[in-house]
Amino acid sequence: MATSTGRLRAFGAFWWDFIVGDDWRIAAGVVAAFVVTAVLAHNDIAAWWVIPLAALGMLAASLAQVVRTTRRQ
Amino acid sequence: MKDVCALARIGGSTDNRQVPGGRCHRDVDEGHGMRDVLLVAAVFLACTVEAVEALTIVLAVGMSRGWRSALQGVGAGLLSLAVLVAALGPALTLIPLDVLRLVVGGLLLVFGLGWLRKAILRASGFKALHDEGAIYARQLAAAQAAGRTQRALVGDWYAFTLSFKGVLLEGLEVAFIVITFGSNQHNIPLAALGAAIGVLLVAAAGVAVRGPLARVPENTLKFAVGVLLTSFGAFWGAEGAGASWPGADAALLGVITVVLATALMLTALLHRLRGRPLPPVSPARAAEVA
C-alpha cells in the first residue's frame, strides 16, 4: 500500500514537474490570462494583447523573484 | 465583416474560397507556409537540444558498458516516443480547433516560458550553464561503478534502462511539441520530420566526434526555442480563447519580435545585475537562430 502510494506520488510529481516546471505561478498566470482573454473576447472587447503582455510580465516577475532570492543568499 | 474574398476576386485571385475568420483560402495558405517553416524550425531546434543531452547519457553508457544494451535502450526509447506521437497525434486532431488551440496554446506557453526563463538565467549567470563534458564524466563514472545483471533479451539491464530513460525523458518534451504543433497545423508528419532531422544530425555528429557535443551552443538554442514556443503559445492561446489578431497570421511575426526583444532586454538587465561578463546569448546570435 505504502509502495503504491509512493509510486502514485512520484508519478504525479513527474507530471507536475513536466508540465508546470520550476515556477507554478507561471502556469497559474497563463490560466488566468486565458480566462481574462475569453471574458473580454466574449464581450466583444479587443483581447489579443492580454496573453502576450501577461506572459512577458510573468516571465519578468519570475526572474525578479530569482534575483531577489539569490541576493538574499 | 468585410468580404476580403470579394476584394480578392476583384484583384483576379483564383483561390477565393472564404474560411472562418473572414479570410480567403489563399491568405490562409500563405500564412500556413510561414507557420510551417517556423513549425519545422521550432521542432528541429528543440529536438537538437534534447538530443544533445540524450547523446551524452547514451555515449557514457555505451563507452563504459558496451553498445549492444545501450542501443537496445535507445531503440526502445525512440519506439515509445513514436508510439506516443502516433497515438496522441491523430486523437488531438479530432478535438474542435478552438479548444485545441486553447489547450495547445496553454501548454506551449507554459513550456516556452520555462525554457526562456532557464535560458535567461543561464545566459545572465544566475544559473550554471549546462556542461555536457562534466555531465558525461559523471555519467561515465557512475556507469563504470554499477553492477551487471541480465534480463530477458537484454545483456546489461543497467545500460539498457539508463539509455532508455535518457532517450524517453529527454524526448518526451519534444514529442509533446511535435504533437501540439503538428496537430494544430494539421501536419504532424512535418513536425515529426523536423524532429527526425534534429535527431539524425546530432547522432551523426556524435558518431563523428565520439564524445559529448560540448561545443553546441545549447543555451542559445534553448533561448530560441523558448522564444518560438512562447510566441506560438500566445498566438494560438489567444485565438483559442476567442480573441482575433490584428493582421491575422502576420501578427505572429510581431509576437515573435516582441517576445525576442523582451527576452533579450531581460537577459541584458539580469546580466548587468549579476555583474558577470558572460553573455552566451548575444543579441545578434539569438536573433539569427530565432
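Predicted model: local features only at pLDDT ≥ 70, side-chain atom pairs only at ≥ 80, totals over all residues.

Student: Okay. How many helices and strands does chain B have?

Tutor: Chain B has 10 helices and 2 strands. Going along the sequence, the order is α-β-β-α-α-α-α-α-α-α-α-α. Of its 290 residues, 46% are buried.

Student: And how do I read a pair of packed helices?

Tutor: You describe two packed helices by the angle between their axes and the distance between the axes. Take helix 6 (residues 157-184) of chain B and helix 7 (residues 188-209) of chain B: their axes come within 7 Å and cross at roughly 145°. That crossing is right-handed.

Student: Which residues make the contact between helix 6 and helix 7 of chain B?

Tutor: Helix 6 of chain B brings B:Val174, B:Val178, B:Phe181, B:Gly182 and B:Ser183, while helix 7 of chain B brings B:Ile188, B:Leu190, B:Ala191, B:Ala192 and B:Ala195. By class, that's 8 nonpolar, 2 polar and no charged residues.

Student: Now for the two chains. How many residues does the contact take from chain B and from chain A?

Tutor: It takes 29 residues from chain B and 27 residues from chain A. On chain B's side, the elements giving two or more residues are helix 4 (97-123), helix 8 (218-240) and helix 9 (251-274).

Student: Which helix of chain B gives the most to that side?

Tutor: Helix 4 of chain B, with 10 residues. Sorted by class, the side of chain B touching chain A has 21 nonpolar, 7 polar and 1 charged residues.

Definitions and conventions. Residues numbered from 1 in each chain as written. Chains lettered and ligands numbered in written order. Helix = DSSP H or I, 4+ residues; strand = E, 2+ residues; numbered from the N terminus. Buried ≥ 20, exposed ≤ 12 C-beta atoms within 10 Å, placed from the backbone. Contact = placed C-beta atoms within 7 Å. Nonpolar A, V, L, I, M, F, W, Y, C, P; charged D, E, K, R; others polar. Axes fitted to C-alpha atoms, helices over the stretch in contact; angles between N-to-C directions. Left-handed = near helix turned anticlockwise from the far one by under 90°.
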